Amino acid sequence: MAVVAPSILSADFGNLARDVADVLDKGADWIHVDVMDGHFVPNLTIGPPVVAAVRRHAMDAFLDVHLMIERPDASVQAYRDAGASQITVHAEACVHLHRSIQAVQATGAKVGVALNPHTHESVLEYVLDELDLVLIMSVNPGFGGQSLIESIFPKIERLRRKIDQRGLRTLIEVDGGVKVDNADRFTSAGAHVLVSGSGIYGAPDRAAAIQVLKSA
Ligand code: DX5
Ligand code: ZN
């Protein structure tokens with residue numbers, strides 16, 4: 001069974017509490033929260049106050065906060081205080097990635113590192129053992145509704161082998177272009193966690209979409 005994390009980037013921001021509750025009612029495992037700063041990515045979304053609002057309405061749900069921001073170290077505590085269960089930083093945004101990982105760990109949140117499509121997984125060679133999760137971006141971050149980039153499948157497979165060789169429990173999450181009709185390809189390659197925004201919020205039957213993704 002895959003862990004399914006609907007991305008609220010595709011929710012109705014004017015009815016965010018309703019749309020978060022809806023996917024939780026329909027079987028979502030995590031809520032994926034896309035934080036964008038208009039610098040690291042060419043889009044601007046939400047900050048800690050909105051994460052705190054989601055936390056109030058999501059009760060005890062696992063909030064998977066994906067920081068697509070520059071210099072994340074300065075704000076990881078604010079996202080943790082807002083209710084983040086897990087905080088993922090981008091390797092490309094962290095000059096001192098090991099320090100950024102420590103900054104997240106110091107908050108008490110689980111820690112993930114995200115890799116853009118062009119970034120080789122070898123950047124994790126000396127930090128992989130520290131991580132709860134690796135997020136492999138299957139689109140260029142910034143927007144929902146894009147088509148997946150095919151080159152990420154061998155990357156998932158290589159990372160899967162590396163994690164298994166080291167006997168780690170690190171989860172592999174994929175994000176971008178994940179839909180009911182391609183979810184099996186991600187899990188077959190070795191991903192455990194499927195983020196899907198438009199694939200769930202845009203589905204005619206969200207409950208059915210979540211179930212298909214869970215059984216991928
Ligand atoms: C993209 C975000 C994704 C996005 C995925 O930068 O990180 O989480 O919401 O959207 P879909 O599933 O529509 O590709
Ligand atoms: Zn995301």
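This is a predicted model: local features need pLDDT of at least 70, side-chain atom pairs count only at pLDDT 80 or more; totals for chains, interfaces and linings use all residues.

**Strand β5 and its neighbours**

Mentor: Strand β5 and strand β6 (residues 133-137) run parallel and share four bridges. Two strands pair when DSSP finds at least two bridges between them. Strands here are DSSP runs of E, at least two residues; helices are runs of H or I, at least four; both are numbered from the N terminus.

Now β4. Strand β4 covers residues 86-90 and is parallel to β5, with five bridges joining them. Here K110 of β5 faces Q86.

Next, burial. Strand β5 spans residues 110-115, and five of its six residues are buried, so the rest of the structure largely encloses it. Buried means under 20% relative accessible area, exposed over 50%, partly exposed in between (1.4 Å probe, protein chains only).

A53 sits in helix α2 (residues 48-58). It counts as partly exposed because its relative accessibility is 23%. D34 and H32 are both buried. A53 and D34 are 19 residues apart along the chain, with 14 Å between their C-alpha atoms.

Conventions: residues count from 1 along each chain as written, while chains are lettered from A and ligands numbered from 1 in written order. Local features need pLDDT of at least 70, side-chain atom pairs 80 or more, totals for chains, interfaces and linings use all residues, and side-chain values use heavy atoms, without hydrogens and water.
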